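Subject: Structure handover

Hello,

Here is the structure I promised to pass on. Please open it next to this email and follow along.

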Amino acid sequence: MKYTERFDGRKFDELRPVSAEVGVVKNALGSAKFAIGKSVAIAAVYGPRELHPRFKQNPETGMLRCTYNMVAFSGSGNRVRPGPSRRSKEISLVTTEALAPVLDLTEFPKAAVDVFIELIQTDAGTRCAGICAASLAIADAGFPMKDLVAAVSCGIVGDTPVLDLNYDEEAYEGGAVDIPVAMMPRKEQITLLQLDGKLTKEQLKAALKLAKKGCKDLYEVQRAALRAKYQGERR
Amino acid sequence: MGELLIKENEKKIVVPGEVLATGMDYLPASGAFREDDKIISSLLGIASTNGRLVKVVPLNGPYVPKLGDTVIGRIADVNYSNWFVDIGYAYDASLTMKEATSEFIPRGADISEIFALNDLLVLKITNVTRSKAIDVSLRGPGLRGLRGGKVVNVMATKVPRIVGKQGSMIGMIKDMTGCDIVAGQNGRIWISGQDPESEKLATDAVRLIEDESHVSGLTDRVKAFMEKARGEKK
């Protein structure tokens with residue numbers, strides 16, 4: 001089946017409207033809110049703190065722990081059951097692994113740094129929104145990082161490569177493949193790539209090309225958000 | 001030929017991963033690192049240069065204990081011959097009997113009579129191991145137990161601004177409020193005054209510095225703030 005026009009009228013290589021804000025949770029060392037379309041993520045960073053169980057402590061470096069959670073009202077009407085599930089534990093793990101390569105915690109041996117990611121509204125692409133928010137929150141907290149991490153989903157809807165799928169596209173009856181991608185934009189290194197579905201090598205390449213462009217655009221939004229926290233007050 | 005991408009006195013806010021300079025003419029200092037021929041920021045902070053060195057001063061950040069730091073700690077645990085002190089790091093610091101007091105302590109004495117749980121102390125960090133096991137001492141000028149007063153928690157990165165050059169800022173707050181103030185480099189500020197009002201004023205001044213430390217003309221603004229507050233009281 002041919003997918004010739006997107007449900008929400010976007011171009012095939014166009015992101016949904018994006019907004020980012022840093023410092024939204026005052027109690028946390030660092031925090032950020034990241035919204036892409038109707039998906040909204042809030043991330044807060046705490047620590048470094050004691051790490052238990054003790055066998056997980058690494059005397060060389062600290063440990064990053066990310067927790068992904070969808071809040072009860074975040075879906076489209078049906079109550080989402082919050083707390084750990086098979087899905088949220090997997091996403092917590094891949095989020096941690098997507099952010100770990102940029103983060104340098106050698107100053108905090110044996111300790112843990114906690115990143116809590118809450119999705120207050122969801123419309124597909126939530127793990128990517130969560131990663132973008134978490135990356136901003138960690139930078140806001142003042143931990144040394146090699147780069148920020150930007151993440152967006154790309155995929156194939158029908159036969160067409162598209163950027164940043166929304167829920168309607170993910171559920172397209174002609175078949176859809178959703179590929180979340182996280183990237184360190186400066187060196188264009190990929191830190192997360194998940195794929196579930198059938199597609200050709202050419203389609204994957206076309207989709208990743210879109211994701212790369214999307215991540216670069218998101219990186220600019222992230223940079224602007226970090227600067228805005230301090231430049232707004234500047235005279 | 002290298003090129004500097006930040007202006008010398010601009011105090012530009014940079015984000016992690018931002019390229020600060022290219023070429024081998026410049027060297028990365030704290031908050032920056034070299035990658036191929038580029039110097040890149042690793043922090044969200046203010047970039048500056050000192051000769052060939054390019055550094056980034058962080059705007060926010062957790063406290064990292066360093067040898068020689070003066071910190072404010074709270075007794076977290078009392079053992080037979082030592083105390084564990086919470087100094088605002090992930091793990092508690094150890095204070096031995098020998099480092100705590102010069103008094104004679106008989107065998108089997110209850111050392112919580114010297115310092116009990118939750119007592120506040122001004123301490124110096126005497127040892128930090130590679131895995132960040134920390135030893136602290138009470139032997140040294142200005143190191144002591146604190147009685148009364150209150151503790152204000154600020155970002156550890158802002159403490160140098162609260163103290164000011166040669167203690168100018170903290171001296172001004174002390175003079176204008178009459179409070180006794182001790183600034184710990186771990187981001188804990190102990191304030192003890194004659195009355196709650198002066199403690200409140202000193203706290204507000206500290207908070208003002210914390211919020212606006214990256215904006216220039218800080219001393220004047222803090223002074224104006226305190227003069228205004230005192231004027232309103234009269």
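A residue counts as buried when its relative accessible area is under 20%, as exposed when it is over 50%, and as partly exposed in between. Tyr172(A) has a relative accessible area of 11%, so Tyr172(A) is buried. Keep those cut-offs in mind for what follows. Please also remember that this is a predicted model.

**Aromatic pairs**

Start with the rings. Over all chains, the search finds seven aromatic pairs. One of them is Phe7(A) with Tyr172(A): the ring centres are 6.0 Å apart and the planes meet at 55 degrees, so this pair is tilted. Where do the two residues sit in chain A? Phe7(A) is in the segment before strand 1 (18–22), and Tyr172(A) is in the loop between helix 3 (167–170) and strand 8 (176–184). Phe7(A) is partly exposed, at 47% relative accessible area, whereas Tyr172(A) is buried. The pair also belongs to a cluster: ring pairs link Phe7(A) and Tyr172(A) with Tyr3(A) and Phe12(A).

**Salt bridges**

Next come the charges. The whole structure holds 24 salt bridges, counted over all chains.

Take Glu169(A) and Arg10(A) to begin with. Their side chains meet in a salt bridge, at 3.8 Å from N to O. Glu169(A) lies in helix 3 and Arg10(A) in the segment before strand 1, so this bridge ties together parts of chain A that are 159 residues apart in sequence.

Now turn to Lys229(A) and Asp140(A). They form a salt bridge, and their closest N and O atoms are 2.8 Å apart. This pair links distant parts of the chain. Lys229(A) is in helix 4 of chain A, Asp140(A) is in helix 2 of chain A, and 89 residues separate them. Lys229(A) is partly exposed, at 26% relative accessible area. Asp140(A) has 2% relative accessibility, under the 20% cut-off, so Asp140(A) counts as buried.

Then there is Lys213(A) with Asp217(A). The closest N and O atoms of this salt bridge are 3.5 Å apart. Both residues lie in helix 4 of chain A. They are four residues apart, about one turn of the helix. Lys213(A) counts as partly exposed, at 39% relative accessibility. Asp217(A) is partly exposed too, with a relative accessible area of 35%.

Some salt bridges share partners. In this way Arg6(A), Asp8(A), Arg10(A), Arg16(A), Asp123(A), Asp164(A) and Glu169(A) are joined into one network. Look for Glu169(A) and Arg10(A) there: they are the salt-bridged pair described above.

**Between the chains**

The size of an interface is often given as the accessible area lost when the parts come together. Here, chain A and chain B bury about 2900 Å² between them. Of that area, 56% is on carbon and sulfur atoms. How many residues does each chain bring to the contact? Chain A brings 35 residues and chain B brings 33 residues.

Specific links cross this interface. There are four salt bridges between chain A and chain B. Glu107(A) forms a salt bridge with Lys132(B), with the closest N and O atoms 3.1 Å apart. The chains also have 13 residue pairs in polar contact. Which parts of chain A touch chain B? Strand 3 (39–50), helix 2 (126–141) and helix 4 (201–231) each supply at least two residues of that side. Helix 4 of chain A gives the most, with six residues. A charge also meets a ring between the chains: Lys110(A) lies over the face of Tyr91(B), at 5.6 Å from the ring centre.

**Chain B as a whole**

Finally, step back to chain B. It has five helices and 17 strands. The C-alpha atoms of chain B fill a box of roughly 70 × 55 × 25 Å, taken along the principal axes. Of the 234 residues of chain B, 46% count as buried. Now consider contacts in chain B between residues at least 6 apart in sequence. Among these, 56% join residues at least 24 apart.

Best wishes

How values were computed
Residues are numbered from 1 along each chain as its sequence is written. Chains are lettered from A and ligands numbered from 1 in the order in which they are written. This is a predicted model: local features need pLDDT of at least 70, side-chain atom pairs count only at pLDDT 80 or more; totals for chains, interfaces and linings use all residues. Side-chain values use heavy atoms; hydrogens and water are left out. Rings of Phe, Tyr and Trp (its six-membered ring) pair if their centres lie within 6.5 Å; planes under 30 degrees apart count as stacked, over 60 as edge-to-face and the rest as tilted. Buried means under 20% relative accessible area, exposed over 50%, partly exposed in between (1.4 Å probe, protein chains only). A charge sits over a ring if NZ of Lys or CZ of Arg is within 6 Å of the ring centre and within 35 degrees of the ring normal. Contact means heavy atoms within 4.5 Å. Buried area is the accessible area (1.4 Å probe) that two parts lose on being put together, summed over both. A polar contact is a pair of N or O atoms within 3.5 Å; within protein, one must be able to donate a hydrogen and the other to accept it, and residues adjacent in sequence count only if both atoms are side-chain atoms.
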